[in-house]
Every structure is written in C-alpha cells, then in structure tokens.
Amino acid sequence: MKFFVDTADIDAIGKLNDLGFVDGVTTNPSLILKSGRDIMEVTEEICNMVDGPVSAEVVAHETDAMVAEGRRLTKIAPNITVKIPLTWDGLKACRTLSDEGNMVNVTLCFSAGQALLAAKAGATFISPFIGRLDDINLDGLELIEDIRKIYDTYGFRTEILAASVRTVNHVSECARIGADVVTAPPNVLQNLAKHPLTDKGLAAFMADWEKTGQKII
Ligand code: G3P
C-alpha cells in the first residue's frame, strides 16, 4: 500500500520524505489556504521534492473551465495529478483529461455508485472520504470495502486512494481491506510508530541496561 501525505506543508513533507515514506502528496484548496502559499509555487516545490503523484485541485465548476485549469496545473510538473470533484461536470472533465494522458484524482467521493462512475470516466485515483462519513455516523471503511469489491469484480484499474484519514486505525484498516493508497496528514503517519507497550518495554530495557554498567560504544 502506498502512503501519500495530505498536506501542502513543505517542512512536514520533507521530514517524511527523508525516511522514504512519501509515495505521493495530495492537496486541496483548504490545505493551500492553511499553507499560506501560492498554489503554483508551493505545488511546484512539492513536485520537485517528491517523485510520485502530487494532486492539485481545480476550483472551477463547469467542465470546460475545469479542463482548462487541469491543463494549466499539469504544466507545473510531469508528476501532477489533476484533482477533480465528483460532480457530473467533473466526471466529464476527468474523461477529457484522462484521454489526454493525464493522471486524474476524482475527489469528494462518498458512495460506491460515485466510485463506479469515476472508474468508468477513466480516473487514475478515486478518493473516498472516510472521516467525513464517520462524522455523520456512516461507515467510511465499509465504503472502501465496497469499492474494492466492485473494482475487483469488474477489473477496474482505478486506484482506491483512501482520504479524510484521521486515525492510525483508519490507516491499518485500509491496508487490511486493500486500499491501494492512503493519504493521511503527517501527524497520523507519525502516530503509526507509537504504541504504549513499545514505550513501556523500552523503559524497562533501559532500566536493566543501566544496571549492567555496560556500554556498546
Ligand atoms: O484528503 C482529504 C482531506 O484533506 C480531508 O480531510 O479531515 O478535512 O475530512 P478532512
């Protein structure tokens, strides 16, 4: 399973990238706002840091304008993935940009039917939003399972990019279910390393080591 980082924070991407953990990056208008940066500048910087796909989102609502914005974004770097919302106009834009050979990430997916349409429209990635479904007492992980089953049944090659990931449980469950990619905020990826029994075990080992009076170096 691939790890994408869901942020436009250059420093945070750099820290994870140094460990070789970053298979790609996803951004959206809210994350651009949070970064305080110009979309073109920050996206270009991210593309220079990361080899994998970097999603940059269009903000137009109508197909032709979405396609124009998408073409503009693809000029930033070869690893740009055009991120397009799952609307009827968005699906048409996805078809056009995908037929032109661009990677497209169809975002704001909340149902299996929407995911089916995105695959039919040639999406490279579909982004189901787990956390926002959980927020309204629906089951985000169940949606990932449903899409996995549908895509496997019919051989769709669109990759399932689990988004709106809030917890380490979301990440491990997505891995178990078979999501192709998880995009998560940097802190969630870092929290994957944490376990209270690891801390407790390490403290006990260090206490015993002190008692030996030995040194390795
Ligand atoms: O990848 C989509 C993500 O940025 C949305 O996350 O936590 O705002 O639902 P959230």
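## Backbone: Ser-164

The model is a predicted one. Ser-164 is found in the loop that runs between β7 (159–162) and α9 (168–177). Its phi is positive, about 55°, although Ser-164 is not a glycine. Most residues other than glycine have a negative phi. Ser-164 has a relative accessible area of 10% and is therefore classed as buried, the cut-off being under 20%. Ser-164 is also one of the residues surrounding the ligand.

## Backbone: Asn-137

A positive phi, about 65°, also occurs at Asn-137, again not a glycine. Asn-137 belongs to the loop between α7 (130–135) and α8 (140–154). Is Asn-137 buried or exposed? Asn-137 is exposed, because its relative accessible area is 72% and the cut-off for exposed is over 50%.

## Ligand surroundings

Around the ligand are Asp-6, Asn-28, Phe-129, Arg-132, Ala-163, Ser-164, Arg-166 and Thr-183. By class, this shell is made up of two nonpolar, three polar and three charged residues.

## Polar contacts and burial

Which side chains place an N or O atom by an oxygen atom of the ligand? For Arg-132 the distance is 2.6 Å, and for Asn-28 it is 3.1 Å. Asp-6 has a polar side-chain atom 2.6 Å from a ligand oxygen atom. On its own the ligand exposes 310 Å², of which the protein buries 81%.

Methods:
Residues are numbered from 1 along each chain as its sequence is written. This is a predicted model: local features need pLDDT of at least 70, side-chain atom pairs count only at pLDDT 80 or more; totals for chains, interfaces and linings use all residues. Side-chain values use heavy atoms; hydrogens and water are left out. A residue is near a molecule or strand if one of its heavy atoms lies within 4 Å of it. A polar contact is a pair of N or O atoms within 3.5 Å; within protein, one must be able to donate a hydrogen and the other to accept it, and residues adjacent in sequence count only if both atoms are side-chain atoms. Accessible areas come from the Shrake-Rupley method with a 1.4 Å probe; for residues, only the protein chains shown count as cover. Ala, Val, Leu, Ile, Met, Phe, Trp, Tyr, Cys and Pro count as nonpolar, Asp, Glu, Lys and Arg as charged, and the others, Gly among them, as polar. Helices (H or I, at least four residues) and strands (E, at least two) are DSSP runs, numbered from the N terminus. Buried means under 20% relative accessible area, exposed over 50%, partly exposed in between (1.4 Å probe, protein chains only).
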